[in-house]
Amino acid sequence: IISRLLPKEKLSNPSSRTLSAYFSLPFSLHCTASLYIIGNLRLSLIHSLTPHSVFSTTMDVDLTPKLPKNVIEGDGGSYQAWCPDDLVMLKRGNIGAAKLGLKKNGLALPHYSDSAKVAYVLQAGNGVAGVVLPEKDEKVIGLRKGDAIALPFGVVTWWYNKEDTELIILFLGDTSNGHNVGSFTYFYLTGTNGIFTGFSSEFVSRAWDVDEATVKALVGSQSGEGIVKVDGSIKLPEPKKEDRDQLVYNCEEAPLDVDIKNGVRVVVLNTKNLPLVAEIGLGADLVKLDGGAMCSPGFSCDSALQVTYIVSGSGRVQVVGVDGKRVLETTVKAGQLFIVPRFFVVSKICDPDGMSWFSIITTPDPIFTHLAGRTSVWKALSPAVLEASFKVSSEVEKKFRGTRTSDEIFFPPSK
């Protein structure tokens, strides 16, 4: 009955006319017609969301490495952030990235954010950080270059630099539960944008049990937004060595997870050496390549994103995506950030002066599959499969399989 009332071409491609015809049907036929039309609409939607079209959307994204933009700048220092509109993979991957720079006597006021993150100290100065975990006492940490600090949800922190050398800290984290996808949102306890300025005098007076004069002093004396320069005569808390335990892992001083002569040195941050990273759901690593060394083509096989900040030096990067298409070929330099999409294959060759980078991976214990080296997936495949797949002779297959029998992931410069 339905097919007689509605032509086949209308049924296979529902339109406004089709729907008009539907509403002209007797009420008793509405349910049957509804199921048919909705079924066709559902099939059309599924067809439009095939894996190829989903990956094509990712491949169309610009993966070019970017520099951060100034958000706050003043006498006490600056706060820079990577914009998700410029680096679209931040938004696609629910990742936030920012840098804090504090001058002498610069203080980043006490605050918390909507995102779990890893803080990495790029340049130490004579820095101090205060960290208050939920329902815990304040930990005061003396900062050193290479410190990686896990900051779960709900952590209140402040940061201070005592000396002339600038304190620079990189923040990389997960914004999937944040207010703005791809960027961190901060809530300050003090300052001109702190919570005291939002509540009325009555609420402040009753909540903290203080008189009106004290309320005015608390609210009226605050100056600066986010970062301030404090009087050098003010003595902030001194760091305690024991406060670093279970909260900080220094990637510059830690035992090396990979050490290849004239090639590379790697330190991995995971739940084994810093259990707190399990709470933030992120892993990290610091990689240092000597001049001309290479990182094997590889991909994250557990659906993790890799977010890479170039700490020093420069080098060439290639990323290959769906259908074997090269989606990025560029030179990366110190200060730039780039993101490799899930399952895309990335490889790096550093310039003569070497290169180092700090990366987070969106899982606390990442697993990578590499396509070259002793542990390459090619070496696990049967020779006959390789011969048939590459359509080459057994001699060629043996040459291919016989290379890189001692190098695993990183390769020293070519001789």
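**Cavities, a buried aspartate and salt bridges**

Mentor: The second largest cavity is lined by 12 residues, and nearest its centre lie Phe299, Ser300, Gln306, Val340 and Phe344. Keep in mind throughout that this is a predicted model.

Trainee: How does one find such a space in the first place?

Mentor: Rolling a probe the size of a water molecule over the atoms shows where empty space is left. In this structure there are two cavities of 30 Å³ or more.

Trainee: What volume does the second largest cavity have, and which strand gives the largest share of its lining?

Mentor: Its space comes to about 50 Å³. Strand 17, residues 294-300, provides the largest share of the lining, with three residues. By class, the lining of this second largest cavity has eight nonpolar residues, three polar and one charged.

Trainee: What is the volume of the largest cavity, and which residues are closest to its centre?

Mentor: The volume of the largest cavity is about 110 Å³. It has 14 lining residues, and Ser113, Lys117, Leu151, Val155 and Thr157 are the closest to the centre.

Trainee: Now a single residue. Where does Asp114 lie?

Mentor: Asp114 sits in the loop between strand 4 and strand 5, the latter spanning 116-123.

Trainee: Is Asp114 buried or exposed?

Mentor: The cut-off for buried is under 20% relative accessible area. Asp114 counts as buried because its relative accessibility is 8%.

Trainee: Which residues is Asp114 in contact with, leaving aside neighbours within four places in sequence?

Mentor: Phe153, Asn177, Gly178, His179, Asn180, Phe184, Thr185 and Phe187. There is also a C-alpha separation to note: Asp114 and Tyr186 are 72 residues apart along the chain, and their C-alpha atoms are separated by 6.8 Å.

Trainee: What polar partners does the side chain of Asp114 have?

Mentor: One is the side chain of Ser115, in a polar contact at 3.0 Å. Another is the backbone nitrogen of His179, which lies 2.7 Å from a polar atom of the Asp114 side chain.

Trainee: That leaves the charged pairs. What is the general idea?

Mentor: Side chains of opposite charge can pair when their charged atoms come close. A search of the whole structure here finds 10 salt bridges. One of them joins Asp86 and Lys69, whose closest N and O atoms are 2.7 Å apart. This pair links distant parts of the chain, 17 residues apart: Asp86 is in the loop between strand 2 (77-81) and helix 6 (88-93), while Lys69 is in strand 1, residues 69-74.

Trainee: How accessible are Asp86 and Lys69?

Mentor: Asp86 is partly exposed, its relative accessible area being 31%. Lys69 is partly exposed as well, at 46%.

Trainee: Which residue does Arg144 meet in a salt bridge?

Mentor: Arg144 pairs with Glu253, at 3.1 Å from N to O. They are 109 residues apart: Arg144 lies in the loop between strand 7 (138-142) and strand 8 (147-151), and Glu253 in the loop between strand 13 (248-250) and strand 14 (258-260). Arg144 counts as partly exposed because its relative accessibility is 36%.

Trainee: What about Arg326?

Mentor: Arg326 forms a salt bridge with Glu329, with 2.8 Å between the closest N and O atoms. Both Arg326 and Glu329 are exposed.

Technical notes:
Residues numbered from 1 in each chain as written. Predicted model: local features only at pLDDT ≥ 70, side-chain atom pairs only at ≥ 80, totals over all residues. Heavy atoms only, no water. 1 Å grid on protein atoms, 1.4 Å probe; cavity = no way out; pocket = protein on both sides within 12 Å on 5 of 7 lines; lining within 4 Å. Points joined across faces, edges and corners; volume = space filled by probe spheres on them. Helix = DSSP H or I, 4+ residues; strand = E, 2+ residues; numbered from the N terminus. Nonpolar A, V, L, I, M, F, W, Y, C, P; charged D, E, K, R; others polar. Buried < 20%, exposed > 50% of the residue type's maximum accessible area, 1.4 Å probe, protein only. Contact = heavy atoms within 4.5 Å. Polar contact = N/O pair within 3.5 Å; in protein donor to acceptor, adjacent residues only side chain to side chain. Salt bridge = Lys/Arg side-chain N within 4 Å of Asp/Glu carboxyl O.
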